[in-house]
Structures are given as structure tokens and as C-alpha cells.
Amino acid sequence: MKISTKLMTGYLLLFVMITLCSTAGFFGVMRLSELLENIVGPAWNTADGAMEGLIGIEAQMLAVERMSAHGLHSEEAAYDKHLLAKGEEMESEALGRLIVANLVSEEEVDALNKMRYQFKQDRDVLLAMIYQEDKIIDAEKQKEMRNNYLQSSNKLLDLIEKLELHADSMVESQTPVIAKARATSYILLAISFIASVLIAAGVILLSLRAIIRWMSHTQVQLEALSQGKLSENLDLLYGC
């Protein structure tokens, strides 16, 4: 095989391996980016939204209990109202993110919205009773209002906790997949790198071997010419 052919073949193989190495790295990075985007995107927004939604609901429940204990004219009344408003704001923003993430089924979203509506309705009925502290309300009626409020709030909390656990499991399930994708990328890159090094070493060795053979052949011809063998042709393109 000619020297030029050997060099071209070697360089072509080296180019192919570098291309394969780059392709493996590219697809590995793309796969990891896709998995990470899912974790920090929809799955994370669902889990985080559910968690903060729980905190918002619990803040409202705490505010209602404080209002029930302190009344409307205590020094704590302003803070209690502020706590209630902040809880509502947190609930709305967090559960809104959960819904927009689009990982919760339509049935679960409908159930969530219905329970939120029922919770607010029962909460407002109970607060209306607290606001009417100057009026006498039947004890049984008060008990019924409070029981309705506690039932709706507990149902809502249970559903949100269920959604949070589901979202957390989705995030956790991606961890081994990411680890596998990362390991696969490293293996492919390592194999491609080693193969590239071996091919490069092979190209160098073949080139050196071809050049040494050419030099040896040329040296023999030069020695023959120096000894007066003029019939010997000097082939400078030997092997090329």
C-alpha cells in the first residue's frame, strides 16, 4: 500500500472516531439536559407547588383558629387577617403552578378545584359566624359549621399530600435514569477516546514504518549509485 494511501486511510479513520466521539458526547449531553429539564420543570413545579399549597392552606387554618380564639377586636386581629391573606395568596400561586405543570390528570384537577371551593366556602361561613360575635348562634349550628370546615379542609389537605407524594416519586424516579445516562455517556466517550488514540498511534506507526522503508530503499539505491552502478535507477517516489 502506498504511503499516501496509508496516511489518508489513517486520517479518515481518525476523523470518523473523532466524529463518533463528538456525537456520543452531544447525545449524552442532550439526554441529560432533557432529564434535568423535566426535574427542574414540570415534575419540580408539581411537587413544589403541592408543598407550598399545603403550607398556604395550613396558614389559613391557623389564621381561622387564631381569629376564633382572639376575636375581632383584639390586638392580634390585624395580624390574623394578614396571615389569612398571605395564606390565600400562597395557596393560589402554588397550586396554580401545580396545575400549569400539566402532570396532574384532569380528574384530579377538577377534584382539587372543587375541594378548594368547598374549603373556602366552609371557611367563610365559619368566619362569618366569628364576625357575628355580638349575635347568639345556636351551639349545634356552630358545631355543624366547624365540622363542615374541618372535613373540607382535611379532604383538601389529603388530596394535596397525595399529589405531592406522586410528584416526589416522579422526581426520585428520574435519579437512577440520569445516573445511567451519565454513565453511558462516559463509557461511550471513553471508548471513543481510546479508539481514537489507538487509531492515531496506528497512523503514526504506519507512517513511520512507510517512511523508514522509503529511506532504506533510497539509501540502498544511493549506495549503489555511489559504487558506480549507474544502471540503478533512483526511485524517489518509491512507495508513494
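The model is predicted, so local features need pLDDT of at least 70 and side-chain atom pairs count only at pLDDT 80 or more, while totals for chains, interfaces and linings use all residues. Residues are numbered from 1 along each chain as its sequence is written, and side-chain values use heavy atoms, with hydrogens and water left out.

The overall layout comes next. The protein has four helices and zero strands, where helices (H or I, at least four residues) and strands (E, at least two) are DSSP runs numbered from the N terminus. Along the sequence this reads as α-α-α-α. Of its 240 residues, 31% count as buried. Contacts are heavy atoms within 4.5 Å, and among those with a separation of 6 or more, 78% join residues 24 or more positions apart. The protein exposes about 15300 Å², of which carbon and sulfur atoms supply 64%; accessible areas come from the Shrake-Rupley method with a 1.4 Å probe, and for residues only the protein chains shown count as cover.

The interior can be described through its nonpolar core, a set of buried Ala, Val, Leu, Ile, Met, Phe, Trp, Tyr and Cys residues joined through side-chain atoms within 4.5 Å. The largest such core has 27 residues, and Ile-57, Leu-98, Leu-112 and Ile-160 have the most contacts inside it. Helices H1 (3-70), H2 (77-100), H3 (106-131) and H4 (139-226) each supply at least two residues of this core. H1 gives the largest share, eight residues. Beyond residues up to four places away in sequence, Leu-98 touches Asn-45, Thr-46, Gly-49, Ala-50, Val-104, Leu-112 and Leu-163.

A polar residue is also found inside. Gln-60 lies in helix H1 and is buried, with a relative accessible area of 0%. Its side chain joins that of Arg-123 through a polar contact of 2.4 Å, the term meaning a pair of N or O atoms within 3.5 Å; within protein, one must be able to donate a hydrogen and the other to accept it, and residues adjacent in sequence count only if both atoms are side-chain atoms. A polar atom of the Gln-60 side chain also lies 3.4 Å from the backbone oxygen of Gly-87.

Charged pairs come next. The structure holds eleven salt bridges, each a side-chain nitrogen of Lys or Arg within 4 Å of a carboxyl oxygen of Asp or Glu. One of them pairs Arg-97 with Glu-52, the closest N and O atoms being 2.7 Å apart. Arg-97 lies in helix H2 and Glu-52 in helix H1, so this pair ties together parts 45 residues apart in sequence. Another salt bridge joins Glu-91 and Arg-116, with the closest N and O atoms 3.0 Å apart.

On the outside, Phe-15 of helix H1 counts as exposed, at 55% relative accessibility.

Note on methods. Buried means under 20% relative accessible area, exposed over 50%, partly exposed in between (1.4 Å probe, protein chains only).
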